Amino acid sequence: MKFPFWDVVKHAFSKEVWDVLLPAVWDTLYMVVLSAVITLVLGVLLGIALSVIAKDGVRPIPVLNETAGTIVNCLRSLPQMIMIIITLPLARILLGQSYGVNACIIALAASCIPMYARLVQGALVEIPKGKIEAAKAMGSSSATIVFKVMLPEAIPSIIRGFTVALIGIISMTALAGSFGAGGIGDIAVRFGFNRFYHDMLIASVLVLIVMVEIAQIFGDMISNLILKKRHLI
């Protein structure tokens, strides 16, 4: 390092650094928001399906449950870097290119949906069986049990699980930068690592930390608000 550490830290907050970093921050936010929406919708739906068809679920389908569970576990076991690599051909088919912000969104969603689906399934499994049995005794349909009993009860846990998934998406955008996705990860690799611009690297790390902290604070706040309204905390 050519300059004293504290001089590098101070320069990380300079206009020169942020003129380069700000466009990348917007690219990262774009990737995170779209990937988070896709993960939330598909992850909840897949988690509900896995819960419903489980052997002790509302509508058990053992063969389908085993097949779907195996596929989800296989996808969950893949490291994020491998997931990015294997989704590049899919991005080329769908978007006509295997690089850039939009192509990265496919990899982010594909990596986080299986993980979030398991978190949703876990939240639904934790619901007391007595409430489900009571709904069945009242003649409620499977859809009513899922959407009027199970989901409302599991919402705080589902939100906490989504916070974990969102933080995973943020961290994965940084990794995707080294594969031509753009965003903060691209700045950190291209300038901070390859060119030894440590001020750029420090600024990139600070932005990622702030994004993760905001996601965690809001996730905890929303979950706690729901629990307080139910007088559970």
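Predicted model: local features only at pLDDT ≥ 70, side-chain atom pairs only at ≥ 80, totals over all residues.
## Overall build

What kinds of secondary structure does the protein have, helices or strands? The count is nine helices and zero strands, so reading along the sequence gives α-α-α-α-α-α-α-α-α. The C-alpha trace spans about 75 × 45 × 25 Å along its principal axes.

How much of the protein is buried? Of its 233 residues, 42% fall in that class. Now look at the contacts with a separation of 6 or more: 73% of them link residues 24 or more positions apart.

## A look at Ser35

Now zoom in on one residue. Ser35 belongs to helix 2, which runs over residues 15-52. Is Ser35 buried or exposed? It counts as buried because its relative accessibility is 0%, and the cut-off for buried is under 20%.

What does the side chain of Ser35 find there? One of its polar atoms lies 2.7 Å from the backbone oxygen of Met31. If you set aside the neighbours within four places in sequence, Ser35 is in contact with Ile105, Leu108 and Ile169.

Put together, Ser35 is a helix 2 residue with 0% relative accessibility, a polar side-chain atom 2.7 Å from the Met31 backbone oxygen, and contacts to Ile105, Leu108 and Ile169.

Technical notes:
Residues numbered from 1 in each chain as written. Heavy atoms only, no water. Helix = DSSP H or I, 4+ residues; strand = E, 2+ residues; numbered from the N terminus. Buried < 20%, exposed > 50% of the residue type's maximum accessible area, 1.4 Å probe, protein only. Polar contact = N/O pair within 3.5 Å; in protein donor to acceptor, adjacent residues only side chain to side chain. Contact = heavy atoms within 4.5 Å.
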